[in-house]
Amino acid sequence: VEGVFPIRRASVLANENPLVNGLDFLIYPNPANSILNVKTMNQVAVLTYSIYNIIGQQIAKGTLENDIISVQNISSGIYILELNDGSTTIEKRFIKE
């Protein structure tokens, strides 16, 4: 149906503590121009990521390498970065200039 978009449910609820669940991260710079640095609060072997636009469409995905995600080919706007360690998913917003 045109104009109807599914609502995505975050895997970590607002009342849950992501540090207890084993996954939390910082992203910088925010706003970002060409790269987004990801600093995890703990050592995680493999992290996958997805980037969604503000209406919930996935526009990029991959495996985090060297704690950097290229956002060079993404249009300016507000996005949601979702990180997953295989058991926990955390989302944070960022702005692409």
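# A tour from the strand 6 to strand 7 hairpin

Start at Gly86, which takes a positive phi near 105° in the hairpin of strand 6 and strand 7, where four residues lie between the strands. Helices (H or I, at least four residues) and strands (E, at least two) are DSSP runs, numbered from the N terminus. The model is predicted, so local features need pLDDT of at least 70 and side-chain atom pairs count only at pLDDT 80 or more, while totals for chains, interfaces and linings use all residues. Residues are numbered from 1 along each chain as its sequence is written, and side-chain values use heavy atoms, with hydrogens and water left out.

**The whole chain**

The average is 82, and 76% of the residues score at least 70. Now select residues 4-20, where pLDDT stays under 50. The model has 20 contacts beyond four places in sequence for residues 4-20; a contact means heavy atoms within 4.5 Å.

Switch to a cartoon view: there are one helix and seven strands, in the pattern α-β-β-β-β-β-β-β along the sequence. In the chain, 53% of the contacts with a separation of 6 or more are between residues 24 or more positions apart.

Two strands pair if DSSP finds at least two bridges between them.

Next, select residues 48-53 and 77-84. These are strand 3 and strand 6, which run antiparallel and are joined by six bridges. Within this pair, Tyr52 has Ile80 as its bridge partner, and Ile51 has Leu81. On to strand 7: eight bridges join strand 6 to strand 7, again antiparallel. One to pick out is Asn84, whose bridge partner in strand 7 is Thr89.

**The core**

Of the 97 residues of the chain, 32% count as buried. Buried means under 20% relative accessible area, exposed over 50%, and partly exposed in between (1.4 Å probe, protein chains only). A nonpolar core is a set of buried Ala, Val, Leu, Ile, Met, Phe, Trp, Tyr and Cys residues joined through side-chain atoms within 4.5 Å.

Select Leu36, Val38, Ile51, Ile69, Val71, Leu81 and Phe94: they have the most contacts inside the largest nonpolar core, which has 17 residues. Strand 1, strand 2 (35-40), strand 3, strand 6 and strand 7 each supply at least two residues of this core. Strand 6 gives the most, with three residues.

Then centre on Leu81. Leaving out residues up to four places away in sequence, Leu81 touches residues including Phe25, Ile27, Tyr49, Ile90 and Phe94.

**The salt bridge**

Finally, select Lys92 and Asp24, whose side chains meet in a salt bridge (3.4 Å, N to O). Lys92 is in strand 7 and Asp24 is in the loop between helix 1 (18-21) and strand 1 (25-28), 68 residues apart. A salt bridge is a side-chain nitrogen of Lys or Arg within 4 Å of a carboxyl oxygen of Asp or Glu, and the count by this rule is one. Lys92 is partly exposed, at a relative accessible area of 24%, whereas Asp24 is buried, at 16%.

Notes:
pLDDT = per-residue confidence, 0-100.
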